[in-house]
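Here are a few friendly notes to read with the model open beside you. Take them one at a time and find each place as you go.

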Amino acid sequence: NSELFTLTYGALVTQLCKDYENDEDVNKQLDKMGYNIGVRLIEDFLARSNVGRCHDFRETADVIAKIAFKMYLGITPSVTNWSPGGDEFSLILESNPLVDFVELPDNHSTLIYSNLLCGVLRGALEMVQMAVDVKFVQDTLKGDSVTEIRMKFIRRIEDNLPAGEE
Amino acid sequence: GFRVGQGLIERFTKDTSRFKDELDIMKFICKDFWTTVFKKQIDNLRTNHQGIYVLQDNKFRLLTQMSAGKQYLEHAPKYLAFTCGLIRGGLSNLGIKSIVTAEVSTMPACKFQVMIQKM
């Protein structure tokens with residue numbers, strides 16, 4: 001039920017704002033919570049979607065936009081703005097179910113309301129050996145026409161074999 | 001949970017007709033409300049007809065992934081607090097003041113006890 005989800009997320013952010021008093025700390029908490037969700041969500045995603053290993057970052061981007069977002073949020077963002085090196089792209093969301101009915105008050109202009117999503121993406125990708133940087137660069141809550149999430153590939157995470165098992 | 005419950009009940013009852021009485025409201029919570037939120041109905045509703053209601057869910061969705069028995073029993077209340085607020089908030093916006101508590105003896109079954117407060 002999407003309304004339960006939207007209202008619960010709103011209650012969560014509101015409570016964090018009361019607990020932390022400044023937007024920067026709330027943003028950090030949202031990222032951390034998202035990360036904790038992401039490292040577990042990836043298992044659920046892989047089990048339910050049956051996608052195989054992605055061969056490059058472009059494939060990863062498509063899987064995230066067309067399968068993952070669809071599965072968990074019911075929307076399909078578009079993948080655009082690839083960097084020349086192919087290590088950075090944008091997800092453009094025409095709508096964001098987390099922000100239905102939401103308005104940001106003036107005294108919270110630096111709050112990144114949907115920051116949980118950045119943490120989720122970061123945590124999930126870390127579990128499949130990718131270190132990425134994720135951030136919002138446009139937000140409809142702040143008056144932009146679309147919501148844009150920028151994802152940058154940092155490096156591959158190598159598994160370290162325990163000593164003696166080379 | 002309280003705030004979310006208030007919001008949800010507003011959305012769900014926008015087009016429903018007026019409730020006949022308190023019992024009617026509790027039945028709504030057990031059937032329509034529970035189904036929309038948890039995809040199933042409350043399994044058993046009991047009342048003493050004097051303002052106390054016990055709602056029993058034998059397979060509470062927030063507990064099914066946790067345990068099927070007594071393991072982690074002491075952690076269950078944390079996961080039930082939100083739902084207690086949900087019920088209390090929903091009832092509040094329907095004009096009923098209440099105290100809601102939850103009890104688990106064997107997961108994933110749990111009982112929500114609603115005590116109506118006379119205003």
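1. Start with two helices of chain A in this predicted model: the axes of α1(A), residues 2–20, and α2(A), residues 23–49, come within 9 Å and cross at roughly 135°. Helices here are DSSP runs of H or I with at least four residues, numbered from the N terminus. Axes are lines fitted to C-alpha atoms over the stretch in contact, with angles from 0 to 180 degrees between N-to-C directions.

2. Which residues meet? From α1(A), they include A:Tyr9, A:Leu12 and A:Tyr20, and from α2(A), A:Asp25, A:Gln29 and A:Met33 are among them. Contact means heavy atoms within 4.5 Å. The residues of this contact divide into nine nonpolar, one polar and one charged.

3. How many disulfides does the structure hold? Zero, over all chains, a disulfide being a pair of cysteine sulfur atoms within 2.5 Å. For A:Cys118, the nearest cysteine sulfur belongs to A:Cys17, 16 Å away. A:Cys118 is buried, at 0% relative accessible area (buried is under 20%, with a 1.4 Å probe and protein chains only).

4. In chain B, the sulfur of B:Cys110 lies 8.4 Å from the closest cysteine sulfur, that of B:Cys84, which is too far for a bond. B:Cys110 is also buried, with a relative accessible area of 2%.

5. A reading note: residues are numbered from 1 along each chain as its sequence is written, and chains are lettered from A in the order written. Local features need pLDDT of at least 70, side-chain atom pairs count only at pLDDT 80 or more, and side-chain values use heavy atoms, without hydrogens and water.

Conventions: Nonpolar A, V, L, I, M, F, W, Y, C, P; charged D, E, K, R; others polar. Buried < 20%, exposed > 50% of the residue type's maximum accessible area, 1.4 Å probe, protein only.
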